[in-house]
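Here is a short briefing on one protein model and its ligand. Keep the sequence and the 3D view open as you read.

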Amino acid sequence: MPDYDAIKKDLEGIEVEDNPKLVRQKSRDFFWYSPILKDQLENVTADLVVSPASEEEVIRTLKVAYAHGVPVTPRGSGTGNYGQAMPLSGGIILNLARMTKVKEIGPGRVVCEPGAIIADVDRQTKAHSGQELRFHPSTANTATIAGFVAGGSGGVGSINWGGLRDLGNVLRLRVVTMEAEPRVLELSAWDLQKVTHAYGTNGIITEVEMPLTVSYDWVDVLVGFDDFMGAVRFADALAHENGILVKEIAPIAAPIPFQYFSRHKQYVRPDQSVVVTMVAPHAMDAFLAFAGKMKGEIVFRADTLESLKGLPQAFELTWNHTTLRALKVDPTITYLQVQYPSPDHVAKVAEMTRLFGDEVPGHLEFMRFSGKIQCSGLPLVRFTTKERLEEIIRIHEDHGCPVFNPHRYTLEEGGMKRTDAVQLTFKKETDPKGLLNPGKMIAWENPDFDFSAGKTFLFPGLSDFA
Ligand code: FAD
């Protein structure tokens, strides 16, 4: 058992919390979306929360933790969904939430501290020079920029820009290593892949440089359809329209909008599916003409934040907010993360919708990956048993729809991140004692791990670039 009194003494001058109740609060994320992770991780807790205010304090903390052999699990706002920020081996939660500065804004770029809240970054870049981040998770109002880079994948805006895995969507990261004498690395281009979506297993991000694009006062529009596939075909056609600028396209099957969007249900019929969109103001005439041609019914429109009159912004109905809204009404619901490979994505969605019906109500997010329009699904699952959940996953995969399993807490089993020999070598260099977020990288725990098991991964392996 580490000597926490000695550790606290060594950390003097840095904010430390050891009240077990508060430490437990900061040891949790949104793992409870999954009934499987809920059982596995419910009792996970750290021993201390350390909240550095600067990179220098991060370095000091890592040095002390290394000397005492104590695990360190970084944390932004704890909105990750797979127990990513949960300290499986106890030890220290490194809470980056006090490092919130936006340090520099230039044409097409912003530099921030790791704990900057994403919506605050957007507010500051918009006020500074009419710019915004290319895309953000639907948790923009609470999540941190480094937590997104280390734990997220894409989001609102991915219809135009793809995801975090794409070259150019993160510009530069400063990363502190977990060694006797921590080093500060500056990573760019391919090297970023070592740290993006790696759950903080191979370094602590202390500075993030992200690309920016032109900001707009996006118009929230919900378009209603009598059946889900009508909504999907509209979404696909809209995504392929070159001239209509949108930031979000999410078809959501009935009865989700009426049953679970408690604040928007007044605008939809119980049997209506909707496509949630965000449209640039100057594109509205073209958008309305296009929706009319596709027989879409405009059921809700808000042109300004004031006109929302207390309703959440449309993006807080999408991505994993769809699941959250359903869970608030029906705690037995869970979800999947499914890829419907292009160019057959609409046919694949139709096939899965026919197979599962209301057991797996549809929710899709359209995005542009490698120049192609495709859609990923975050369908709800009306959970019955773990065995049936595994069976639903297997049936999707048997039909050519890979599942990035949100009911697993390791990088590899979650399926978003391919670890390989290059990734492992980098971890050996940056975290030789394996103290950073232990238990999350199978390749580290099990040196015989088969890297080439034939699984589909969202983030590519590093050997591809070596
Ligand atoms: P945390 O949850 O605190 O951390 C995430 C991971 O990053 C953890 O492994 C943590 O250890 C690591 N980490 C945190 N800070 C650092 C650091 N400084 N250095 C190294 N590692 C670090 N995700 C998406 O990609 N797109 C979405 O649209 C989306 N929507 C969501 C909606 C809801 C309602 C919820 C609950 C989750 C959603 N997520 C989404 C998942 C999550 O919100 C995002 O990934 C978010 O950006 C995580 O930010 P955070 O600050 O909460 O990170």
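## Briefing

Ser370 is exposed, with a relative accessible area of 60%. Exposed means over 50% relative accessible area, buried means under 20%, and partly exposed lies in between, using a 1.4 Å probe and protein chains only. This is a predicted model, in which local features need pLDDT of at least 70, side-chain atom pairs count only at pLDDT 80 or more, and totals for chains, interfaces and linings use all residues. Residues are numbered from 1 along each chain as its sequence is written, and side-chain values use heavy atoms, with hydrogens and water left out.

**Positive phi angles**

- Ser370 is not a glycine, yet its phi is positive, at about 50°.
- Ser370 sits in the loop between β17 (364-369) and β18. Strands here are DSSP runs of E with at least two residues, helices are runs of H or I with at least four, and both are numbered from the N terminus.
- His197 also has a positive phi, near 50°, and is a residue other than glycine.
- His197 belongs to the loop between β9 and β10.
- Is His197 buried or exposed? His197 is buried, with a relative accessible area of 1%.

**Around the ligand**

- The ligand is surrounded by 37 residues. A residue counts as near if one of its heavy atoms lies within 4 Å.
- The closest residues are Pro74, Gly76, Thr79, Thr144 and Gly154.
- By type, the shell has 16 nonpolar residues, 20 polar ones and one charged. Ala, Val, Leu, Ile, Met, Phe, Trp, Tyr, Cys and Pro count as nonpolar, Asp, Glu, Lys and Arg as charged, and the others, Gly among them, as polar.
- At least two shell residues come from each of β3 (72-75), α6 (145-151), β10 and α11 (319-329).
- Which element gives the most to the shell? That is α6, with five residues.
- Why does the ligand lie between two domains? Domain 1 (4-95) and domain 2 (219-398) both give residues to its shell, so the ligand lies between them. The domain bounds come from an automatic or database domain assignment.

- A polar backbone atom of Gly78 is 2.8 Å from an oxygen atom of the ligand.
- For Ser138, a backbone N or O atom lies 3.0 Å from a ligand oxygen atom.
- For Gln84, a backbone N or O atom lies 3.1 Å from an oxygen atom of the ligand.
- The ligand taken alone exposes 980 Å², and the protein buries 97% of that. These areas come from the Shrake-Rupley method with a 1.4 Å probe; for residues, only the protein chains shown count as cover.

**Strand β8 and its partners**

- Four of the five residues of β8 (172-176) are buried, so the strand is largely enclosed by the rest of the structure.
- β8 runs antiparallel to β9 (184-188), and five bridges join them. Two strands pair if DSSP finds at least two bridges between them.
- Leu173 has Leu187 as its bridge partner in β9.
- β8 also pairs with β10 (204-214), in the antiparallel sense, over five bridges.
- In β10, Val208 stands opposite Leu173.

**Strand β4 and its partners**

- Both faces of β4 (92-95) are covered. Ile92 and Leu94 on one side and Ile93 and Asn95 on the other are all buried.
- β2 (48-51) pairs with β4 in the parallel sense over three bridges, with Leu48 opposite Ile92.
- β3 is parallel to β4 too, over four bridges, with Val72 opposite Ile92.

**Two buried strand residues**

- Thr334 is in β15 (333-335) and is buried, with a relative accessible area of 0%.
- The Thr334 side chain reaches the backbone oxygen of Tyr33 at 2.7 Å.
- Ser376 is in β18 (372-377) and is buried, at 16% relative accessible area.

**Cis peptide bonds**

- Ala254 and Pro255 are joined by a cis peptide bond, with omega about 10°. Pro255 is in the loop between β12 (246-252) and α9 (256-260).
- Ser342 and Pro343 are also joined by a cis peptide bond, with omega about 5°. Pro343 is in the loop between β16 (338-340) and α12 (345-356).

Terms used:
Polar contact = N/O pair within 3.5 Å; in protein donor to acceptor, adjacent residues only side chain to side chain.
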